[in-house]
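Colleague: I would like to learn how to read a model feature by feature. Can you take me through one?

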Amino acid sequence: MKPLPDGPLVMQFRLELPHPTAADHAADLDRVLGGLAAWGLSGVQTPLPVVAGLPKLLRAAEFSVVATVALVPVPTLLRVDPAAAPSRNLGLAVDLGSTNLVGALIYLDTGESLRELSVLH
């Protein structure tokens, strides 16, 4: 099994995308992928349900969005949200020890532990 890389596995990127004009006929997905390319991401895979929701979402958000991208095993666009929407980038850390099971809810932007729970098993 290949080890996971150091660093975050999922990241969020704020994108201020250009509005379509008579001279700019780029597809909505191309606008999002171009915004991610500006952050250094290339070859980003995008599931069809994400693509299908882009036209309505981008226009409602006035092309100011936050893209959530899984970085491993290949960059994959997980979701796109309006930038104005409150966002909490959360993760779950689990430690299965010989006598205890510990879980921690982590705010990934700061590394702050929001809640922890430990139980005997």
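Predicted model: local features only at pLDDT ≥ 70, side-chain atom pairs only at ≥ 80, totals over all residues.

Modeller: Let us start with the helices.

Colleague: At what angle do helix H1 and helix H2 pack?

Modeller: H1 covers residues 28-38 and H2 covers residues 48-60. They pack at about 85°, and their axes are 9 Å apart. Angles of 65 to 115 degrees count as roughly perpendicular, so H1 and H2 are roughly perpendicular to each other.

Colleague: Which residues meet there, H1 to H2?

Modeller: H1 brings Asp-28, Leu-29 and Val-32. On the H2 side they meet Val-51, Leu-54, Pro-55, Leu-58 and Arg-59.

Colleague: Next, salt bridges. How many does a search of the whole structure find?

Modeller: First the idea: side chains of opposite charge can pair when their charged atoms come close. The search finds 4 salt bridges in this structure. One of them joins Arg-14 and Glu-16, with the closest N and O atoms 3.0 Å apart. Arg-79 and Asp-81 meet in another, at 2.7 Å from N to O.

Colleague: And which side chain does Arg-31 meet in a salt bridge?

Modeller: That of Asp-24, at 2.9 Å from N to O.

Colleague: Is Arg-31 buried or exposed?

Modeller: Buried means under 20% relative accessible area. Arg-31 has 4%, so it counts as buried. Now take the Arg-14 pair. Arg-14 is partly exposed at 47%, whereas Glu-16 is exposed at 54%. Arg-79 is partly exposed too, at 46%.

Colleague: Let us look at one strand residue. Where is Ala-67 found?

Modeller: In strand E2, residues 64-70. Ala-67 has a relative accessible area of 0%, so it is buried.

Colleague: With which residues is Ala-67 in contact, leaving aside neighbours within four places in sequence?

Modeller: Met-11, Gln-12, Phe-13, Leu-15, Leu-36, Leu-77 and Arg-79. Arg-79 is also the salt-bridge partner of Asp-81. Ala-67 and Thr-99 are 32 residues apart in sequence, and their C-alpha atoms are 39 Å apart in space.

Colleague: What should I look for in the backbone?

Modeller: Look for exceptions. Most residues other than glycine have a negative phi, and most peptide bonds are trans. Here a cis peptide bond joins Val-72 and Pro-73, with omega about 0°. Pro-73 lies in the loop between E2 and strand E3 (76-82).

Colleague: Which loop holds Glu-62, and what is its phi?

Modeller: Glu-62 is in the loop between H2 and E2. Its phi is near 55°, a positive value. Phe-63 lies in the loop between H2 and E2 as well, with a positive phi of about 65°.

Colleague: Is Phe-63 buried or exposed?

Modeller: Phe-63 has a relative accessible area of 3%, so it is buried. Glu-62 is exposed, at 58%.

Colleague: Last, the surface. Which residues make the nonpolar patch?

Modeller: Leu-92, Val-94, Leu-96, Leu-101, Leu-117 and Val-119 make a patch of about 600 Å². Strand E4 (90-96) and strand E6 (112-120) each supply at least two of its residues. E4 gives the most, with 3 residues. Leu-96 lies in E4. Exposed means over 50%, and Leu-96 is at 62%, so it is exposed.

Methods:
Residues numbered from 1 in each chain as written. Heavy atoms only, no water. Patch = residues over 30% accessible without salt bridge, like charges linked within 9 Å, V, L, I, M, F, W, Y side chains within 5 Å. Areas by Shrake-Rupley, 256 points an atom, 1.4 Å probe, with all protein chains shown as cover. Helix = DSSP H or I, 4+ residues; strand = E, 2+ residues; numbered from the N terminus. Buried < 20%, exposed > 50% of the residue type's maximum accessible area, 1.4 Å probe, protein only. Axes fitted to C-alpha atoms, helices over the stretch in contact; angles between N-to-C directions. Parallel < 35°, antiparallel > 145°, perpendicular 65-115°, else oblique. Contact = heavy atoms within 4.5 Å.
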